[in-house]
Amino acid sequence: MSVWNPDNIRDVAESVGIVNLNNDVTENLARDVEYRIAQVLEEALKFMRHSRRTLLTTQDIAQALRVLDVEPLYGYESTRPLRFGEASLGPGQPLFYVEDEEVDFEKLINAPLPKVPREISFTAHWLAVEGVQPSIPQNPTSADSRNLELMSKGPNANSTLAAMSGSGNVAVKPLVKHVLSKELQLYFEKVCNAFLDESSEEYRTSAYSSLREDPGLHQLVPYFVQFISEKVTHGLKDIFVLAQVMRMAEALVQNKSLYVDPYVASLVPPILTGLIGRQLGGNADLSEQFALRELAASLLGLIAKKYSHSSHTLKPRLARSCLKTFLDPSKPFGAHYGAIIGLQAVGGAEAVRVLILPNLPTYGALLKDGMAEENPRRPEAEKVLAVLFGVLGTLREGRTALANGHNGVVTEDLRERLNGKVGEFLAAKISEAGEVDMVHAILEVQISSSARPDTFTGIGIFQYEGPEKLLEVWFAPSANELGSSQPTGLKAVPEEVWKDMLDLVNCQVLSIVSSEDVDAYLLSESSMFVWPHKLILKTCGTTTLLSGLPRILEIAALFAGFPKSAAPSGGVGIAAAPYRVFYSRKNFLFPDRQRGPHRSWRDEVRTMDRLFLNGSAYMIGKMNGEHWYLYLTEPNTLLTPPASPKGDEEVTETKFLQIPEGGLPQGGDANDETLEVLMTDLDEENAKQFYLENATAVAEKRYRNFDKDNNDHVDVFSNNSDMDLEDTDGTRILPPELTTEGHALGTVVSESCGLSDVYSKEKFPESRIDAYLFTPCGFSANGVIPTPDPKANTHYFTVHVTPEPHCSYASFETNVPHSQNGQTTAGIVKQVVNIFKPGRFTVTLFENKPSDTELSGIGEAKYIERQAARRKSQMEHIEGYRRVDRIVHDLDGYDLVFRYYERLDWKGGAPRLGEERI
């Protein structure tokens, strides 16, 4: 029985000429109308709730009809609620109608007519004639221009300039109106007045406590940040105001309920002013000035610790500002004092070791002059000397105390060695104080050449993770077996779709090199290669590569046309089941900095298990040495069904050496071979060629000699629009692309370092290299190598370099078969190692086995010969290195050989262990 009256159905039917409607039809139509109206109301209520309203409007109904693909009703677009009147047609038969507004026609007729609008017209006038602005009414006069420049641009603009322009009383309204309740406005005023109230300590303490603990102050955060900035700017001579706004900033940062991350960039400048400002507090007592700098330093350290996770460049930028002040001899000793404690607060003992200590010999001479008896700056210099003792004392942390329990005496031998580390003046002061522990701690520090002030590298806060995560997803055994997908498979996916996927991985596309078989994407963090049947994604740093895997499966189904499968439990609605998946990586250098599913190998395996059934996880190498992780699936991979709510999920066990039989597929491509060389601890002098400064010097030298020797040039010069620019002395001006990061300098580096010779143009005339050099250092390159066999896929190689000494790393990966390039695997490895000169490196060779049919074709004897060639002594003896490990995995479908080498003179200690949890 329907609630909707069947008589209404008959009335509508009769209005369209249908009479004598069957009762059953009427009942069914009434129930259907009731259902449809309820459906519309449910959708309309959703719009109402999402709009934070409790009153349903006609606009909600119209939006609901659009969602249900029904033509919306017209004529009811008013945002005001409709008024319904009620009339009775009889007992129990109410009629509801819309109450229309009554219009008095007499008033409407006698009302004055509105003004006729002017027709739209256009007029033209000269803004300038040959650079001169004509004096016409449409153009402002010079006086008007000066007034415009001096006018106050906002409520916080300079009031003096506003007064000069004659507009001091003009109130400029902000573009965005931020509505605050009267309670919050009163609270803001009271707190600001309390912080600046010198008469009542209790009043200031209460305001500090409230700002530090109250949770409902989110709307006031930008106002407090602006207040702090204004007071520092206009109150540099008032030490009390400066100290109080620093405490206000401290309260904001320590309030656990406030989200201050977006305002850190605005909060840091006034704090840096309080730390390294030239003149603070006017004639205030010296102790108060230094106390203010110490407060600012502690606050800066707190900000660096709390917000560096959301901005990895925060610590380097803070340290760079402090270091610049510390190395500027024109700055007062007070600013140097703030810079020293700021560096120690931001970077800890590592910053002292890498940034302060190498510059002490030079700074000691400046400090010696300041300590002279007649120097008026002597009190400040003494403060700096004391703080230097304090920060150098942090180098003793972790060292065993002297057995006799006292400081002892610094011998002449120790003092001479100390002179070379900190200079004669500071060495003498440390020796006089008898700080033997400090002396030994300083002498144990290995000062890197990279700690020069102009390069600013080597500090631990630049811990960049060079080792990449490598994901390889196959959706078909080969490009010739795409099945029912698009004719071009994954290559049919638009670039914008891949870019959206890479946003999930946290990297961006720098450039793309396309060919008939493969698209090579050079990324801000490594590379991506897309064939019709497979995809390779390789990312470094703290990227979240596995976060993009569910989206890749979805893209393959939606855009590439691969068959859709039951949705896995990985959070995607539609997915294509891959043919096979490989995921691998080397042990991380800085595992604690990883994010998302990459915090440990166990988490990565768990993420893969949520997507795929029957995956296998392996660790190759020593647990307490260099090792390599691998996860791979069976052929014709099955997606994991949605998880059931039973207990804890099981994680695939990581196997170490024992490989189960019958677990892996036969190779798809006939020459599926991947060589990977992962190198760490690069030679520092050799690694300088991957710095922007060095590359610019090389480019300039070649550019100057361009006319002398046309054979010795870089390809990009021929396409340079600035080729004919000359300086006043007749020499060519270096184009801007050869002084800034980009592809031009990337090409220079790839040629100068020898990378372009690995697969040279002579042997591979159709090959293409896409290289990029970063600022201030770092290098990436993709290479596309066509194969002579038209039926085979185009091959690739990719190179990525992180040259900073404390985290130096380089990787070389290629799938060019040794049978094609005419070189042995050992020859390629030697050539790559000679380019980068690592302290240690690993080599992994992943090569498919021939199928039974292929094996009978090439002959078992020839296959055994190929295996022997892979194990022959050439790979055992890389010149200048000794092989430490060799592990051979005989997989069903693939052969995997893992080797680890160390330089013969290597004294750098044990490798990093990586994650604690396997």
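Aromatic pairs and charges over rings

Analyst: In this predicted model, one aromatic cluster is formed by Phe 188, Tyr 223, Phe 224 and Phe 227. The count of aromatic pairs comes to 20.

User: Why is the pair of Phe 529 and Tyr 796 called tilted?

Analyst: The ring centres of Phe 529 and Tyr 796 are 4.5 Å apart and the planes stand at 35°. Stacked requires under 30 degrees and edge-to-face over 60, so the pair is tilted.

User: Which parts does this pair tie together?

Analyst: Phe 529 belongs to strand 6 (residues 526-530) and Tyr 796 to strand 17 (residues 795-802), so the pair links parts 267 residues apart in sequence.

User: How do you know whether Phe 529 and Tyr 796 are buried or exposed?

Analyst: Buried means under 20% relative accessible area. Phe 529 has 1% relative accessibility and therefore counts as buried; Tyr 796, at 1%, also counts as buried.

User: What makes the pair of Tyr 583 and Trp 601 stacked?

Analyst: The planes of Tyr 583 and Trp 601 are 10° apart, with 6.1 Å centre to centre. The limits are under 30 degrees for stacking and within 6.5 Å for pairing, so this pair is stacked. Tyr 583 lies in strand 10 (residues 580-586) and Trp 601 in helix 22 (residues 601-611).

User: Why is Lys 534 said to sit over the ring of Trp 531?

Analyst: The charged end of Lys 534 is 4.7 Å from the ring centre of Trp 531. The distance limit is within 6 Å. Arg 247 lies over the face of Tyr 208, at 4.4 Å from the ring centre.

Notes:
Residues numbered from 1 in each chain as written. Predicted model: local features only at pLDDT ≥ 70, side-chain atom pairs only at ≥ 80, totals over all residues. Heavy atoms only, no water. Phe/Tyr/Trp six-rings, centres within 6.5 Å; stacked < 30°, edge-to-face > 60°. Helix = DSSP H or I, 4+ residues; strand = E, 2+ residues; numbered from the N terminus. Buried < 20%, exposed > 50% of the residue type's maximum accessible area, 1.4 Å probe, protein only. Lys NZ or Arg CZ within 6 Å of the ring centre and 35° of its normal.
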